[in-house]
Amino acid sequence: MKVLIVEDETIAYEYLSGLISKIDPEIEIVAVAESILQTVKWLQNNPAPDLIFMDIHLSDGLAFSIFELIPIETPIIFTTAYDEYAINAFKVNSIDYLLKPVEEEDLKRAIAKFRKLTSPERDQYLTQQSQTNFTGNYFTKLLVAYRDNLVPVSTKEIVYFYTSDHQTTICLTDGNTYQYNKTLDSIFQNLDPSHFFRANKQFIIAREYVKNITIWFDRRLLVTLTTETPERVYISKNKASEFKEWMVSGE
């Protein structure tokens, strides 16, 4: 049995892969993907594995976005540290939903459940999975507090989100800024990852407003936006390739 693991934390990947090998040494882990974009690229360029173990909260968004970008022809076992995504996991008819840290007995049960799938059951599972549509789940507007009002802000007008000292700022194309009482992590979960990129711990940036990209001396990328930022926006060398793919993909 060939398995793909989608996981953005090295420790979690090593733990899960070790547990899989312990349960069944004949299971072959063919690859690990760390993001939505890496997963899509791998699935597009390689034979489909027999089973996918998929973390939900990835570096560039929620894994459910993968189902919007490409058809998935492989059963999924979700792994996550959060239980609030169970409903969406069941929407894609996942084989199982395992909370981290994954227990050995739970993993054994999930693998056994997968192995018991008959051919007709597998076909039905994949048909239901392919018909699932999460389109429209992303925010197109945000309500931001300004004085005594709530101001509707279109995500199309947002150049970047910036956080500093536990305070998040939204900057718009007209240069106006608003304070927003959510973390970048929670914000990014609800943004379309084809239009927004988590550049680093301080910034989420919009593709449409990337003005220039400079290759820095240590292989980082310096990104200049159409609107001035409170500090320079750097993409780490580890995310540089992913960022460049994101810039040229999508609409």
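This is a predicted model: local features need pLDDT of at least 70, side-chain atom pairs count only at pLDDT 80 or more; totals for chains, interfaces and linings use all residues.
Residues are numbered from 1 along each chain as its sequence is written. Local features need pLDDT of at least 70 and side-chain atom pairs count only at pLDDT 80 or more, while totals for chains, interfaces and linings use all residues, and side-chain values use heavy atoms, with hydrogens and water left out.

The chain holds eight helices and 17 strands; helices (H or I, at least four residues) and strands (E, at least two) are DSSP runs, numbered from the N terminus. Whole-chain values are listed below.

| Property of the chain | Value |
|---|---|
| Buried residues (under 20% relative accessible area, 1.4 Å probe, protein chains only) | 46% of the 251 residues |
| Contacts (heavy atoms within 4.5 Å) with a separation of 6 or more that join residues 24 or more positions apart | 56% |
| Accessible surface (Shrake-Rupley method, 1.4 Å probe) | about 13700 Å² |
| Share of that surface on carbon and sulfur atoms | 48% |

Five strands form an open sheet in the order β12-β11-β10-β14-β13, with antiparallel pairing; two strands pair if DSSP finds at least two bridges between them. Because β12 (177-180) and β13 (196-198) each have a single partner strand, they stand at the edges, and one side of each is left without a neighbour in the sheet. On average, neighbouring strands of this sheet are turned by 20° against each other, direction ignored.

Within the sheet, β10 (residues 158-164) and β14 (residues 203-206) run antiparallel and are joined by three bridges. Tyr160 has Ile205 of β14 as its bridge partner.

Helix α8 (residues 237-248) lies across β13 and β14 and runs at about 180° to β13. Axes are lines fitted to C-alpha atoms, for helices over the stretch in contact, and angles run from 0 to 180 degrees between N-to-C directions.

Notes
Buried means under 20% relative accessible area, exposed over 50%, partly exposed in between (1.4 Å probe, protein chains only).
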